[in-house]
Amino acid sequence: MTNSSTKKRVLSGMRSTGKLHLGNYVGALQNWVRMQDEYDCFFFIADWHALTTDYADTSRLKENSIEVLLDWLAAGLDPEKCVMFIQSHVPEHAELHLLFSMITPLGWLERVPTYKEQKENIKGKDLDTYGFLGYPVLQSADILIYKANVVPVGEDQVAHVELTREIARRFNLFYRPFSAKTKSGKVSEIVVDNPVFPEPQALLTPAPRLPGTDGRKMSKSYDNAIMLTDPEPVVRQKLKTMVTDPARIRRTDRGNPDVCPVGDLHKIFSSRETMAKVNEGCRSAGIGCIECKSWVADALVQILNPMQERRKKYEDSRSDVWDILNKGSARAREIAGATMDEVRDSMGLNYGGLNHGAAKDSTK
Ligand code: TRP
Ligand code: SF4
């Protein structure tokens, strides 16, 4: 791990939903891979967050978490450059979540846009649960326990980072670092510019909207996704069935790449030269859609091939994968544990000096 003290800390997570698709890559993962060289990065698999909606059947939880991690490694996240771990392996997140739940007004949570949206959109599951309402409180704990400065997220998550800032502010208002209290001895003299939690910034991932094969936003739940693990023939087959400019019915009809989902993929993945050929050929009916789609497939295969090769290496040695996770979780617990010591101190929860660290030591 490189010098972490001078670098800003980045934290982000993904729910453990199983294998990832191209939309996940373009919308998040690709950006994470770029960030790991520049920042002190922590990336984790939010398996507890997955439970907020998928609590009834947990049979795939473990496998789904591993699939996500394999895709991260395949995409180029490097355990030498960033810390990767699983949320539930760092139980300190749960303790901080509990403490945050004490100071979070219900109204803040009911006002989070994703709360109402998801409750309306996710059918067939009872989401009138304590855990689902508290989803962003847990996310705040995820972020603040590492004192992250930067949180790269998609647009839908910005409100959660905003809530995190509000929770940090409220915590800092109520509780002061222990050292600040002892220095002066008097509460009134406490310096306010040394709070326990910094306020994190959301970093919006500049992601183009990636259409799936049916033209809607690529999403696992729409069954329109190209998976990072799809082998070449599957990619080509999926492309063949992809919808095109609806005005281009016959080969002789002129089309418009600007209103065609395949054109959108070209814009994201194809070279300038290919893009020029598509623009010219489509508008003049000089090329057919089948040919045009095969060029997108070529570009995708070029991106996916090296990923799939890397993935295979890790799939063949699962013990290495667990090793990466265990090391990552151990590193995460170090930091999370130190933050929790500060939190307990500042909240007056370190009765008789017996904090968790001391309790652990006494069992040695
Ligand atoms: N809620 C995020 C999502 O659905 C996942 C997540 C959980 C997360 N905890 C986080 C993202 C902390 C950033 C920081 O995508
Ligand atoms: Fe779409 Fe390409 Fe067909 Fe034009 S030629 S309509 S861009 S698939």
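1. The lining of the largest cavity draws its largest share, 3 residues, from α14. Helices here are DSSP runs (H or I, at least four residues), strands are runs of E of at least two, and both are numbered from the N terminus. The model is predicted, so local features need pLDDT of at least 70 and side-chain atom pairs pLDDT 80 or more, while totals for chains, interfaces and linings use all residues. Residues are numbered from 1 along each chain as its sequence is written, chains are lettered from A and ligands numbered from 1 in the order written, and side-chain values use heavy atoms, without hydrogens and water.

2. How are empty spaces found? Rolling a probe the size of a water molecule over the atoms shows where empty space is left. The search uses a 1 Å grid over the protein atoms alone. A cavity is a set of points where a 1.4 Å probe fits but cannot get out. A pocket is an open set with protein on both sides within 12 Å along at least five of seven lines. Lining residues have an atom within 4 Å of a point. By this rule there are 3 cavities of 30 Å³ or more. Grid points are joined across faces, edges and corners, and a volume is the space filled by probe spheres set on the points.

3. The largest cavity holds about 110 Å³ of space. Its lining has 14 residues, and Arg248, Cys260, Cys282, Cys289 and Cys292 lie nearest its centre. α12 (261-269), α13 (272-283) and α14 (289-316) each supply at least two residues of this lining. By class, the lining has 8 nonpolar, 3 polar and 3 charged residues. Here Ala, Val, Leu, Ile, Met, Phe, Trp, Tyr, Cys and Pro count as nonpolar, Asp, Glu, Lys and Arg as charged, and the others, Gly among them, as polar.

4. Which ligand sits in the largest cavity? Ligand 2 does; the test is that more than half of its atoms lie within 2 Å of the grid points. Around ligand 2 are Thr244, Asp245, Arg248, Pro257, Cys260, Val262, Cys282, Cys289 and Cys292. Such a residue has a heavy atom within 4 Å of the molecule. This shell has 6 nonpolar, 1 polar and 2 charged residues.

5. Ligand 1 has 14 residues around it, of which Arg15, Tyr135, Gln139, Asp142 and Gln157 come nearest. The shell divides into 7 nonpolar, 5 polar and 2 charged residues. β1 (9-15), β2 (40-46), α8 (135-144) and β4 (150-153) each give it at least two residues.

6. Look at the polar contacts of ligand 1 (pairs of N or O atoms within 3.5 Å; within protein, one must be able to donate a hydrogen and the other to accept it, and residues adjacent in sequence count only if both atoms are side-chain atoms). A polar side-chain atom of Tyr135 is 2.7 Å from a nitrogen atom of ligand 1. For Arg15, a polar side-chain atom lies 3.3 Å from an oxygen atom of the ligand. The side chain of Gln157 has an N or O atom 2.9 Å from a nitrogen atom of ligand 1.

7. α6 (113-121) and α8 each supply at least two lining residues, and α6 gives the most, with 3. The lining has 4 nonpolar, 4 polar and 1 charged residues.
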